[in-house]
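This report goes through one structure by region. Sequence and coordinates come first, and the text follows them.

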Amino acid sequence: MTATDGVAATSTREKTTTKANTAEAARKASLYGDHEKVYPRYVNGPFRRLKTIANWVLLSIFFVGPWLRWDRGPNAPDQAILIDMPDRKAYFFAIEIWPQEVYYLTGILVLLSIILFFATALLGRVWCGFACFQTVFTDIFVTIERAIEGERADRMRLDRGRLTVRKVGLKAMKNAAWLAVAFLVGLGFVLYFGNAPTLVMDIVTLQAGAAPYGTIAVVGGFCFLLAGYAREQVCIYMCPYARFQSAMVDDESLIVTYEAWRGEPRGKARKTEDFSQRGHCVDCTLCYQVCPTGVDIRKGTQLACIGCGLCADACDSIMDRFNLPRGLVRFDSVKNQARRARGEDVSIRWLRPRTLIYITALVVAIAVMTTAFVTRSRLEVNVLAERSPLYVQLSDGSIRNGYTVKILNMERTDTTFTVAVEDLPQATMDIVGHETVPGDAATARLPVTGDSVGTFRVYVSAPPEALDGAATPFRFRIENPATGEAVNQSANFNAPAR
Ligand code: SF4
Ligand code: SF4
């Protein structure tokens, strides 16, 4: 090699090194870390059992819900929980919500949000760890994966290994099982939107419309992707709740903590290890291996931690093996951890300003919702004045205005409502297809079948001398004589300007 060749080779090497350094620097500077697949290991313990019970309870509620019946009388759906899209109504046992009452759903959402904030203030991300549908379905999908592909080490080996017939078979089996579960989830969801027994038969015999199949495909598809493949990425990157939950906890909230003061300095240990001069953490990484979101809790509280407590189960099993006190990883408050480190007594303060605010908000929201619900009207009226023409002058000189009166009868029974024109002296009414009350031309009785809207063309006439000018305000009073419930609807009577 000549000197020139040597210099050229050195220069090429330098260029390659510079390129590699630049790539490494770019990787380090990148906002996005490489995704490392999480292979959660199975662990037994109280939190694992709690998670399993929560899964069963929540899935039972979800799948059994559409099959519960509730007698609402003839011509009414007997499904206890139903969202009736064609009739635009929602049913929840004895409660029936009309489209006009959609604000009740807003109220329920507000109520649930306050309960969630309250639970978070007390117990950290207990919702994320035990009750969120993403957590529940991911747990089920991981259980299926474990049953088919084996424990953590087997799954890691399988993924890193060559493509073999066995690998393809196992992956196909797993995806087929996931798809079956996803289909059931989609089906369970759809059953809330129609009569469950009929809908199931229609779906199975391919008689259902495009909407049920489309909904099953969308809901099931999302379940398959989110619980099967996205998993902890949903909690870390997609869920907004993970972002602001830190604002809802304080130093007294119970969260999953690592007792660094007791665990460090960590290190590998033998069964006969003397722990008097070292930390209790034996660096087995079991807490990390069981974590469904790939968190090492020893690095402190992290956004990805969903508070499931599985790492506490794992660590307790290790502590038992080394005859060390349990609770190196535990549900505890930050304040208690500091107290433990100082050797002081610990306590949980359930009542503190934050939780008291949530309790107050909860009580107020429940009171408002209950009052609104108990006093809610079962009668709604809508009056629309005819615009063209605004008025008509009759041959006897009186002025006539036309109105469309819609009476919404929210009771299940057929009802005859009394409709009267008030605050318009000498007014008379003509209702297309109906008579006024004998001897009272300003009052009529209008029948409306139960659970429906009655629409009536109403003509009101009045002599010019009884009017205030171009627009005389008056009102329609609609009353249910059976219940005494009444609605006053304001209207204007139009006439030529004087
Ligand atoms: S760190 Fe522990 S509590 Fe948090 S998600 Fe992982 S296993 Fe669950
Ligand atoms: S499971 Fe416990 S002992 Fe093992 S690494 Fe985690 S904290 Fe340390």
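## Model and domains

The model is predicted. Its chain is divided into domain 1, made of 31-67 and 102-376, and domain 2, which covers 379-494. Between the C-alpha centres of domain 1 and domain 2 the distance is 58 Å.

## Ligand shells

Around ligand 1 there are 14 residues, and the closest are Cys 291, Val 295, Cys 305, Cys 308 and Cys 311. Sorted by class, this shell holds 11 nonpolar and 3 polar residues, with no charged residues.

## Helix H14

Helix H14 contains 12 residues and spans 17 Å from its first C-alpha to its last, close to the 16 Å expected at 1.5 Å a residue. Which residues of H14 are buried? They are Leu 310, Cys 311, Ala 312, Asp 313, Ala 314, Cys 315 and Asp 316.

Just after H14, Asn 323 has a positive phi of about 55 degrees.

Strand S1 (residues 81-84) and strand S2 (residues 89-92) run antiparallel and are joined by 4 bridges. In this pairing Ile 83 stands opposite Ala 90 of S2. The two strands form a hairpin with 4 residues between them, and Arg 88 lies in the turn.

S2 also pairs with strand S3 (residues 95-97), again antiparallel, through 3 bridges. Phe 92 is placed opposite Ile 95 in S3. This hairpin has 2 residues between the strands, and Phe 93 takes a positive phi near 50 degrees.

## The five-stranded sheet

An open sheet of 5 strands has the order S11-S12-S9-S14-S15, with antiparallel pairing. Its edges are strand S11 (436-437) and strand S15 (486-494), each of which pairs on one side only.

Within the sheet, strand S9 (residues 415-422) is joined to strand S14 (residues 471-479) by 5 bridges, and the two run antiparallel. Ala 420 stands opposite Arg 477 in S14.

## Backbone exceptions

Most residues other than glycine have a negative phi, and most peptide bonds are trans. The cases below depart from that pattern. The peptide bond from Glu 264 to Pro 265 is cis, with omega near -5 degrees. Pro 265 is located in the loop between helix H12 (260-263) and H13. Another cis bond joins Ser 388 and Pro 389, with omega about 5 degrees. Pro 389 belongs to the loop between strand S6 (379-385) and strand S7 (392-393).

Arg 88 has a positive phi of about 50 degrees although it is not a glycine, and its place is the loop between S1 and S2. Is Arg 88 buried or exposed? With 12 other C-beta atoms within 10 Å, Arg 88 is exposed, because the class takes in residues with 12 or fewer such neighbours. Leu 206, likewise a residue other than glycine, has a positive phi near 60 degrees. Leu 206 is found in the loop between helix H8 (196-204) and helix H9 (210-230). Leu 206 is exposed too, with 7 other C-beta atoms within 10 Å.

Note on methods. Residues numbered from 1 in each chain as written. Chains lettered and ligands numbered in written order. Predicted model: local features only at pLDDT ≥ 70, side-chain atom pairs only at ≥ 80, totals over all residues. Near = placed C-beta within 6 Å. Nonpolar A, V, L, I, M, F, W, Y, C, P; charged D, E, K, R; others polar. Pairing = 2+ DSSP bridges. Domains from an automatic or database assignment. Expected span 1.5 Å × (residues − 1). Buried ≥ 20, exposed ≤ 12 C-beta atoms within 10 Å, placed from the backbone.
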